[in-house]
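Okay, thanks for coming, everyone. I'd like to walk you through a few local details of one model. Let me put it up on the screen.

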Amino acid sequence: MQILRTWTKALTKPGSLVIEVTNHLTEPGTIGSEEHARAMYQLAKSANIPAVISNAARYLTPDDALTADVLDSARHLEPLGVFLLQPNAQAWLKPQNQMAQLALEITESTSESVRLMTATAELAELCYLDPVPDCGWGQPKTPEQSALGIIENPFEVLWQKAHAAIDWRYPNAKAAVLAQVQHRLSKELIAINQLGFATYFLTVADVAQMIRDMNVRIAARGSGAGSLTNYLLGISGVDPISEGLLFERFLSTERSTLPDIDIDVESARRHDIYRNIFRRYGGERVTLLSMQSTYRGRGALRDSGMALGLPEEQIDEIAKNMWRFSARNFRREMAEKPELENFAQLAEGDRKLNLLIDITQRLDRLPRHISMHPCGVILGNSELLNLTPTEPSGLGLPMSQFDKDDMDPMGFLKLDVLGVRMQSAMAYTIKEIARTKKETLNLDAVPKDDPDVFKMIRTTNTLGIFQIESPGQRELTGKHQPTEFNDLTLQISLFRPGPMKGNMIKPYLDGRHKLIEPDYIHQDLRPILEESYGVVVFHEQLMRIMQKMTGCTLARADEMRRQLGKSDRIDRLRSYFQQSARARGYNAKVIERVWSIIEGFGSFGFCKAHGAAFAVPTYQSAWLKTHYPTEFIAGLLTHDPGMYPRRLLLAEARRLGVKLLPIDVNLSSAEYTVETSSTGVGIRMALTEVSGISNPELQRIITEQPFRDISDFYLRARPSRRTLEKLALIGALDSVAGIDSEDAKHNRGDLMVLVRQISSKPAPKQDLNQLSFELGKLDLMPTGNQKPTKAETVRQELAITGMDVTDHQLEEFQELLDELGVVRAQELVSLRSNTEVLVAGVRIATQTPPMRSGKRVVFVSLDDGTGCADATFFDEAQRRCAHLLFQNRLLLISGKTRRTGVRGVSILAENAWDLRALWLERKQKAS
């Protein structure tokens, strides 16, 4: 009663407070029982407060109660039975007749039960929001002019800003180009004004300028790169005129949805940018965007296994073999995937494993938790917080509970500020160039026609280069042999699921290399398709074809392109295209051929603006790798932007002749740094690579550098015993201990004994008035201890840092590899097609991309220190060894070479073995 009085005092407006009555038919006297519901109803009557009846629904049907129990298990992080479960399966969305029956049982009066149901309906009516008048449904909501510092008409400001930037973007342009720019800009601005989006563009331009003022790298991606307005406002760095991009693919008067402009920034600075956006526009106009993380295969299996109390090792073993499929398809995949064959056999006679499968399938796509969207910021007017519920994010900034699909209907401006690690890596590279070489580099001004850059790309040694480092892209690079910037745009666009399924790559390559004569279908289409040798690759090409053959506007062409995948619109589109093309003089055969391409294109094409926007950082990262390899590798290692583990970048550094310097407590920092010494230039590894090192330990080491000896380090850095041992094992204390030279009296084995001696007791508090005790003197260091072998050192490095710095991991197995006649990755390019080979290495990537045939193909990449060997496993090979392809790190693969271009070579795999198991077997036989 006291709680009720408190609420009554707080909510004085009539109708603000009601009492909920719920009957889940639980044990008498418990919450959710009929007795408890009746007591709540009587409380409402005695306090003269309206009562409403609800079922506190958690799920749709009674059968979903088990799913709810499993979700509770995941929330509690405990198996079923350890925590208190829901008492029954009554918390479902019951129909009206059942709720009316419950109301009668609670009130024990027909008239009162009717009143209870009526009061509930009235409350629901009060809670109803009409989307249009109450929420401004579909109406753009952008920051007020005052928030942007604008007094004049927003469109006039936009017009002036865009026109004033023409001299900046086109400083030496000829009259014909300037006339084209003026015409295109006027057309874009008229469309923007008609749609009422001037404030939107000014807002995004304001954010972009704010990011540049923070000295953060920024680039636009997506269809927004097709806008000249974006280019002139400094939002995008891609010239849409020279790249042949269309504004109508991005925005047109044919549709009124908010345009989508995505901005890539340095990932390391993304949170700083978010905070600045909040400061710039105010917390009443900004929230972060949320996303619902939903259950997929592995996550569903792990939580289901925990709920059933299965051993963690068993769950982990099964999960590792669940390779990228939906939880709902678990049972079907078990029958098809050879790596799940053993588990399928076990499940046949095990009721608990069968229950595990069923529960896993139940969880598919259900929300697992809400989290901060990786790039979304919502910008609105001062009414924003009245239109979206919010909750604190991990950053401490408010986060909308709406997800990305709610943005357009609500009229909110969703600004995608995406943190891209490659942008951070390139920014760090530029910083290291400035620090070590005193050179100021404007990467955005670098000419995009450097022949040395394209020469390097054509070697297919593209590890670390944005977008073109995957096994498939490296193979395509070998076939494609790009020579200019537009080739990068085409290659990035072709290597997508749609174009690959649409079989666009082969005819494009055959035309490029003059193996076939490009088929342009009609001479009118040649200017549109010439760049892609007759293959329709881009949305923009399709739009131009439709415009050319029907006479429609580009805006109308884009709307028709969007409708191609809709079965209810296709007949009308076909009829319009055929009639319009016939009226413009095209014959039936040409019309039919072009329409078949248009109809099939719907799900296969790619937006050229996307490809061009991606091609810019692709070229820039390739330019840095070509001209500043040491600084670039340091940037890659610091910000880890690629798809491969860092250890592969060490192998690439060795291939490039870049010297790797081990972790050193006197010289290493939290980042990889370029270091010049008497022996040359190299990259000093970062202290952050030591597993388990705490941030306070890291900061103390960096702050207190340099150290005189081991005792000085122990006293001032105060590392934990485990951290001290790890640092000693990987050689980070060698220079401090004086054992880093060839003629040193002591070795790392001696150092380990000393480290264990001095760390057996905690370090005393340091008195600045007293000299440190001289534990580090060489004459106190033990002698006669065995020096670790190179193989042992490499194993310690891998265990502690995840990287093999001293030598490549494969060197340990070299004798076995030589006996077997294993071919090195760098030698593959010199072999003919169908040469039988054995390759070995560390598995660095396993991929199962969608294939046109619908069958699964497994692509495995191995690193052997000289490069990457890429192997392809089809059905038969998968049946032999699929259990190895997703778990084992060290593999030996047999197969035949397959030449795919001048530099393109891969292996058609026949079988695979566990390399370490073979090596241990050899050792046992030898002993």
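Let's start with Glu530: at 39% relative accessibility, Glu530 counts as partly exposed, where buried means under 20% relative accessible area, exposed means over 50% and partly exposed is in between, using a 1.4 Å probe and protein chains only. Before I go on, the ground rules: this is a predicted model, so local features need pLDDT of at least 70 and side-chain atom pairs count only at pLDDT 80 or more, while totals for chains, interfaces and linings use all residues. Residues are numbered from 1 along each chain as its sequence is written, and side-chain values use heavy atoms, with hydrogens and water left out.

Back to Glu530. Its side chain meets that of Arg526 in a salt bridge, at 3.1 Å from N to O. By salt bridge I mean a side-chain nitrogen of Lys or Arg within 4 Å of a carboxyl oxygen of Asp or Glu. Arg526 is partly exposed too, at 32% relative accessibility. How many salt bridges does the structure hold? The count is 63.

Asp870 and Arg474 pair up through their side chains, 2.9 Å from N to O, in a salt bridge. Asp870 sits in strand S15 (residues 868-873) and Arg474 in helix H23 (residues 471-480), so the pair ties together parts that are 396 residues apart in sequence. A quick word on those labels: helices (H or I, at least four residues) and strands (E, at least two) are DSSP runs, numbered from the N terminus. Are these two partners buried or exposed? Asp870 is buried at 12% relative accessible area, and Arg474 is buried at 8%.

Now a local pair: Arg562 and Glu559 form a salt bridge at 3.8 Å, N to O. They're three residues apart in helix H29 (residues 554-563), so about one helical turn separates them. Arg562 is partly exposed, with a relative accessible area of 35%, whereas Glu559 is buried, at 14%. Through shared partners, salt bridges join Asp558, Glu559, Arg561 and Arg562 into one network.

Next, some helix packing. Helix H24 (residues 485-494) packs with helix H26 (residues 505-512) at an angle of about 155°, and their axes are 11 Å apart. Axes here are lines fitted to C-alpha atoms, for helices over the stretch in contact, and angles run from 0 to 180 degrees between N-to-C directions. That makes H24 and H26 roughly antiparallel to each other; the label applies over 145 degrees, with under 35 counting as roughly parallel, 65 to 115 as roughly perpendicular and the rest as oblique.

Which residues meet there? Asp487, Leu490 and Leu494 in H24 meet Ile505, Tyr508 and Arg512 in H26, with contact meaning heavy atoms within 4.5 Å. By class, that contact has four nonpolar, no polar and two charged residues. For the classes, Ala, Val, Leu, Ile, Met, Phe, Trp, Tyr, Cys and Pro count as nonpolar, Asp, Glu, Lys and Arg as charged, and the others, Gly among them, as polar.

Most residues other than glycine have a negative phi, and most peptide bonds are trans. Thr460 isn't a glycine, yet its phi is near 70°, a positive value. Thr460 is in the loop between helix H22 (451-458) and H23, and at 15% relative accessibility it counts as buried. Asn834 also has a positive phi, about 70°, without being a glycine. Asn834 lies in the loop between helix H41 (814-820) and strand S13 (836-847), and is exposed at 58%.

The peptide bond from Gln705 to Pro706 is cis, with omega near 0°.

Last stop: the loop between helix H6 (131-135) and helix H7 (145-148), where you'll find Thr142. Thr142 is buried at 18% relative accessibility. Leaving out residues up to four places away in sequence, Thr142 touches Thr199, Tyr200, Gly380, Asn381 and Leu413. Gly138 lies in the loop between H6 and H7 as well, and counts as partly exposed at 44%. The C-alpha atoms of Gly138 and Gly411 are separated by 4.7 Å, although the two are 273 residues apart along the chain.
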